[in-house]
Amino acid sequence: MSAPSPSRSRSTALSALLCSLAAIACGPPDEGSRVLNPGPVKGPFYVSDFFTPSGDMGDGEFAGNLITTFNTACKARPPNAGGDCYRFDYYVSSEKWAGVYWVFPSNSWGAYPGRSIIGPVDLGNGQHSYNSVTFSAAVDQATLDANPGGLFVNFIAGGIDGSQASPPQPYADQSCTGGPSTCVPFKAEQGTTLDTDWQKISIDISNTPLTAVIGAFAWVSSYPPTAVPGMTPPQTIFIDDIVWE
Amino acid sequence: MSKLFVVASAAAQVLGLALTGVAHAAPVEQGPEINPYECLGRYEAATGNRSMAQVREELEKRLHPLFDKDEPHSVRAMKLCVVAKLEARLGDGDASEHFARAISENPEEPGYELFYGELYSGYRGARGPVLETAEDHYYLALKKLDALRAAGKFRDYHAIVEEWVHKKLLVLYQEDGLPLLPWKAFPEHGYAGHDAPQVSLSAQFAISKDTRDFYRNNEMRSFTSELLFAQSPVRNMGPISRLLAYNIVRNPLRYRTDDFVRLRQNYLGALDFVYSYDHMVKGQIYGYYPPLNPDGTPGNWQFVDTTVQQAGLNYQRVFPIYPLFDVKLAGSVQRVDRVGIVEFQPTYREKFWLYEARPSFSRFIGPDKVTLDFVYSYMGVTDIPYGEPDEALRGKYIRAVNLEYALYSPLVLPEFRSGELGMHRTPTRGWYFNAGAADDDDVYGTRTVRKHDFYAGTRFEGAGNYDFTLQGTYATAMTTLADQNDPNGIERLDATQSSSSFRTTALIQRRIINPDAIPGINGSAIDFDMMNLVIPITWDKGLQGPHLYENIRVGAELWSKFFGTGFLGPAFLPTVGYDYQYFYNLKKAVNEFHVDLRMGWGKL
C-alpha cells in the first residue's frame, strides 16, 4: 500500500545561523522534493494519504455547521485500521443536508486533473481498475437516539464534474476505454443506515477503467425538512479506514 | 666605499644613538593642565567649512610632526587627541591608536576617555554602537573624575566632562528600558558600573486601526493576493463580487505588546528574555469561498480574531574587528503560539519555533560608511494534522539583504545666506543611499507563496531641521507548485496567483526638538531629547494583476523621545500618527491611526 515516508528534514537553530552567514541561501526546499510519492499511485491506497476532505457541501459550506475532526475524538478504531480517522459533527441549517468530498488537489471541483492512479486489476489494453472503496462508518449514541432506526448516509466514489461547476471547470471524474470520445462519467454510490457499531462498507467500482480520480470519496447526510436549525441535535458521524483496493 | 668612511659612519651612528639616548633620557615635563575641550576646539577649527580633502591636509600637517620632542605630556596628549578626532572624522582606523596614545600621555585626564568613548558610540559600530568598548572608556572617565575630585584637581570643565559622560551613557543604554539594578542606572556612579551586570525592563505597547500590520507588510500586495486566491480555481473559480472585493480592504483594531528583560554585562553583551502578544480583532478572513447568507443570498466575509504570542531569547552584540569591519551579531530563538491564522480553523492553535539571525557589517570608506545587513528568519510552522500528507507541510522563510552607503562628507548645497541664494559647503547629518531585496516564502504543502521586494532609496538628513526620504519598492507575489502526478514532481507557476506593484514612499521630517542642540542634561526629572513631525506619503501602483487596490496614503506623525533622568534614566518613545488612505479604483477611503508607547525598545 502506498504511504508517505514518515519524516521530513527540518531546519534547526544551527542552520538558521549558518543560513544568515551564507546570506541568501537556505530558502524553502523546492516543490518537487516535497512530494512524498510523486507520479501515479499504484495499487491499493488509503484515501487520506492522497486526498483531502476539503469539499464541504450543503450546510457545510457555512461556517460552524460542519465540524471536521481528524485523528482525535475518533471512535475507538476498527481492528487493523489505517489512514486517518474522522469525526464529523453536523449542525443542521437552511439547506437541511451536508456532505464532504475527499478531493485531489484539495478544494478542487474540477479545476485541475485528478490524481493519477494505476489500479491493481489489469483489464488488458493497458487499462487498470480497482475493485472497491471500503471503509468503516458509525454514528454516536446521541445521533442514534435522535434517529432510532439509525442514520441513513449516502457514500460516493467519483462524481466530481467540473462542467457542472459555476463557472464550468475543465476536469471531471470519468472512466475511459479509449480516446476522449469513449469517456463516461465515473460515480459509484452506496447508501447505508448507520448505528453506533462500526460497519464495514464497500462501494463497488470493479471493471471501471480509471487513470485518475478527483473525488475519491464522499458522504452526504440530510435532515427532514421539518428540522429546526438550532433546536435539532447534531449528527455525529465517524468514518475510518477508507481504502481503494 | 673606503674603510675610513665606514668607520666614521659607524662612529657617527654610535654617537648619534648616544645623543638620541641622552635626549630621550631627558625628562619631559608633565606640562600645564589643559582643558580637554581645547582638543574639541582645535578639531572644530580644522574641520569647519572645509572639504574632506582640506581636512585631510589639516591632519597631515598635524601628523608630521606629531609634536616636538620637548613638548610636555599634556600638550602632546591634546595634540594626539586632535589627530585622533580628525582621523575619526575621516574614517581612518588609526583613530583608536591615537586616542590611546593621548591617554597614555595624560592618563589622569578623563576628557580624553570621553572622546575615545565617542569614537565607539558615535562613529564606529554596525547598526548600533560598539557599546562595550565605548562603555570601557566612559567608565574609565568616571573613575578618573573621581580620582581628580579626591586629589583636589577637579576643575570647572571637568563638571562638563562628567555631564557629557552621563549623557553618553544614558544614550548608550537608551534601548534597555528601566534599570532594575543600580550600578548602570542614571546617574552612573564611578567605575563599579563597568563590570556590574544590568538587568532592565523594556515594555512597548502599540495600538492601531490600520490596513498595515505591525510588520509593515505591503497592504496592496496582501489585498491583491487575497483577491486572487478567492478568485482562484480552488475557491470561487472566477471573479468575486465587487462588494466582496471592496470589503477585502479593512483596517482592523490591532494591539501589541513587546516586552523584554535584558541582562547586560560588559563581557557578555545583551541577552534578552522576550515576550510579545499581538492581537487583531476581526481582521482575518475565515475562508476565501465567497460566503452566502443562510437564505442563499450573497453574504459578506466572515472575519475572525488572531492572536500571536512569542517568547524566547534574543542576543546582540557589536564586535569591532577593524581593520576589517565592525560586525553586529544578533539572533533570536522564540517559541510561537498563534491562533486564528489557519483558514476555516479559527480556533486552531499552532505552536512552533522561530529562528532568526540578523548580522550586520559596517566599515568606513574614507569619511563615508558602508553597511551591509542580512536577515534570515525561519518559522517551523506546525504541519497541519489533516488532509493528504503532501499538503501538510508548513514553513516560512524570510531572507533579506540591505546595502547602505552613508555619505558623511560636507556637501556644497544651495542655501540662502544674507538674503542671497548661493552654493555653500554645508555639513549634514548624513546622506544615505540604500538598496536591497527581501524574499518572504510561505510553504503550503507542495505550494510556495513567494513574495519578493526589491527597493532602492535615499534619505537626506540635513544639518538643520529637515530630513527627506524617498524610496521605490517593486513588490511581487507569485505561487509555485509541484505536479504530484509527475514522477519527478516538476515545479510550475500558478499563473492565477501572480501580481506585482510599485510603491513610492516619501517622508518629510521636521525636527521640533533637535537632539544635537541639547548636548547635556537639563537637570529636571524628564529630559526631552527629540521631537519630530513626520509626513509620510505612499503611493501604490499596480503593475501585473488586478489594479483594484491601488491607493495613495498621506499621514502626519509625531515622534518623540525623552529620558526619565529623575528616575534611573530610561528612554521613552511615544509616537502618535494619523493616516488617510484612498483606494481610488474602489472609491474607498480609510482613516487610520496608531499610537505607540515604548520604554526602551528592541527592533523599531
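## Exercises on a predicted model

Helix α6 (residues 110-123) and helix α8 (residues 156-172), both of chain B, pack with their axes 10 Å apart, at an angle of about 25°. The model is predicted.

**Exercise 1.** State how α6(B) and α8(B) are oriented to each other, and which residues meet.

*Solution.* 
- Take the angle: about 25°.
- Angles under 35 degrees count as roughly parallel.
- α6(B) and α8(B) are therefore roughly parallel to each other.
- Their crossing is left-handed.
- From α6(B), the residues in contact are Pro110(B), Gly111(B), Leu114(B), Gly117(B), Glu118(B) and Ser121(B).
- They meet residues of α8(B), including Trp164(B), Val165(B) and Lys168(B).
- By class, this contact has 6 nonpolar, 4 polar and 2 charged residues.

**Exercise 2.** Decide whether Lys96(A) and Asn125(A) are buried, partly exposed or exposed.

*Solution.* 
- Most residues other than glycine have a negative phi.
- Lys96(A) is not a glycine, yet its phi is positive, about 70°.
- Lys96(A) sits in the loop between β5 (85-90) and β6 (97-103) of chain A.
- Lys96(A) has 16 other C-beta atoms within 10 Å, so it is partly exposed.
- Asn125(A) also has a positive phi, about 55°.
- Its loop runs between β8 (121-124) and β9 (127-129) of chain A.
- Asn125(A) has 8 C-beta neighbours inside 10 Å, so it counts as exposed.

Conventions: Residues are numbered from 1 along each chain as its sequence is written. Chains are lettered from A and ligands numbered from 1 in the order in which they are written. This is a predicted model: local features need pLDDT of at least 70, side-chain atom pairs count only at pLDDT 80 or more; totals for chains, interfaces and linings use all residues. Axes are lines fitted to C-alpha atoms, for helices over the stretch in contact, and angles run from 0 to 180 degrees between N-to-C directions. Helices (H or I, at least four residues) and strands (E, at least two) are DSSP runs, numbered from the N terminus. Angles under 35 degrees count as roughly parallel, over 145 as roughly antiparallel, 65 to 115 as roughly perpendicular and the rest as oblique. A crossing is left-handed if the near helix is turned anticlockwise from the far one by less than a right angle, and right-handed if clockwise. Two residues are in contact if their C-beta atoms, placed from the backbone, lie within 7 Å. Ala, Val, Leu, Ile, Met, Phe, Trp, Tyr, Cys and Pro count as nonpolar, Asp, Glu, Lys and Arg as charged, and the others, Gly among them, as polar. A residue is buried if 20 or more other C-beta atoms lie within 10 Å of its own, exposed if 12 or fewer, and partly exposed in between; C-beta atoms are placed from the backbone.
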